[in-house]
Amino acid sequence: MTTRSSSTPTRRGFAAQLLAGASLAAAGLCMTSQALAQAFPSKPITIVVPFSAGGTTDILARIVGQALSAELGQPVVVDNRAGAGGNIGAALAAKAPADGHTLFMGTVGTHAINASLYKKLPFDPIKDFAPLSRVANVPNVLVSHPSKPYKTVTELIAYAKAHPGQVNYASSGSGSSIHLSGELFEAMTKTGMVHIPYKGSAPAVNDLLANQVDIMFDNLPSAISHVRAGKLRAIAVTTSKRSEQLPQVPTIAESGVPGYEATSWFGLFAPAATPAPVVGKLNAAIVKVLGQAEVKKKIVEQGGDPHPEKPEQFAAFIQAESLKWGKVVRDSGASLD
């Protein structure tokens with residue numbers, strides 16, 4: 001007969017100890033996450049913007065960043081990392097410490113277009129990011145220098161077809177929504193226009209203002225002040241409905257290209273491994289500031305439509321947008337290395 005020492009645990013006792021240990025570990029992790037959320041933010045927050053200063057992505061990041069600084073009690077710094085259609089900034093943000101102190105202002109380009117457009121990405125738009133909230137939906141507007149001979153979509157199409165390869169359109173970078181708006185227009189009108197990519201919307205607009213390029217399908221926030229000042233001519237907007245900020249400007253669809261529609265959107269992300277309590281705290285702060293009258297006013301004045309939402313709603317929206325724009329990319333035949 002074997003005598004079991006009282007110091008040796010039985011199988012049942014050992015299992016109970018394991019279960020108790022696991023419970024304590026889970027409780028410890030929960031307490032750690034809660035403590036982290038309570039302590040967050042413990043230092044300045046950086047919003048990585050994957051395009052140059054002065055463009056719509058940058059404008060929205062600065063509007064929201066200023067409000068978030070007041071809400072969270074820490075400075076919010078915008079870090080512009082332009083290049084490769086937003087991919088350089090996205091890759092940098094994806095690899096940042098997942099503690100909530102580095103955020104990313106993503107776009108329809110970085111999170112719904114580039115995966116189909118580029119043969120290889122240095123990041124995964126779904127797996128490498130935790131969606132926080134959409135910030136705003138923004139129309140694009142087809143603009144030209146006032147000296148150009150075309151004032152309407154019909155006149156632009158006729159001129160481009162009469163001068164094949166001589167009309168160019170600028171964009172904030174290959175793969176951006178601005179680029180794809182042009183690609184979609186080109187595919188639907190067969191106008192033979194030439195794409196000229198820039199590292200961000202601001203330098204493209206500067207060349208458009210200087211009459212160095214012909215047209216641009218720019219995000220409304222970065223173009224609207226120039227339109228109002230008469231420095232750029234607004235030919236049409238890319239959405240299905242006219243913009244409240246430019247009600248006199250027709251849509252491309254009603255101007256002779258039925259079925260044309262392209263809308264940009266912008267949203268905030270954190271690195272994928274950011275703890276859920278921190279994601280929740282950031283989402284609550286973003287939703288709160290987007291509901292503030294002053295923040296809403298600033299975004300609307302820029303031509304945007306504020307759109308706060310829960311992380312799961314934002315994630316579902318991104319999935320749907322990826323399917324939509326993936327088809328546009330395939331149909332256009334656009335592809336980048």
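How many salt bridges does the count come to? I looked this up in a predicted model, and the count comes to 7 salt bridges. I took a salt bridge to be a side-chain nitrogen of Lys or Arg within 4 Å of a carboxyl oxygen of Asp or Glu. I noted that side chains of opposite charge can pair when their charged atoms come close.

**Entry: Asp99 and Lys43**

I found a salt bridge between the side chains of Asp99 and Lys43, at 3.9 Å from N to O. Asp99 sits in the loop between helix H3 (87-94) and strand S3 (102-107), and Lys43 in the loop between helix H1 (11-39) and strand S1 (45-49), so the pair ties together parts 56 residues apart in sequence. Asp99 is partly exposed, with a relative accessible area of 22%. Lys43 is also partly exposed, at 40% relative accessibility.

**Entry: Lys288 and Glu71**

I looked up Lys288 next and found its side chain in a salt bridge with that of Glu71, 3.5 Å from N to O. Lys288 belongs to helix H9 (residues 276-290) and Glu71 to helix H2 (residues 56-72), so this pair ties together parts 217 residues apart in sequence. Lys288 counts as partly exposed at 48% relative accessibility, and Glu71 counts as partly exposed at 30%.

**Entry: Arg242 and Glu254**

I found the side chains of Arg242 and Glu254 meeting in a salt bridge, with 3.0 Å from N to O. Both residues lie in the loop between strand S8 (233-237) and strand S9 (263-271), so the parts tied together are 12 residues apart in sequence. Arg242 is partly exposed, with a relative accessible area of 39%. For Glu254, also partly exposed, I noted 45%.

Technical notes. Residues numbered from 1 in each chain as written. Predicted model: local features only at pLDDT ≥ 70, side-chain atom pairs only at ≥ 80, totals over all residues. Heavy atoms only, no water. Helix = DSSP H or I, 4+ residues; strand = E, 2+ residues; numbered from the N terminus. Buried < 20%, exposed > 50% of the residue type's maximum accessible area, 1.4 Å probe, protein only.
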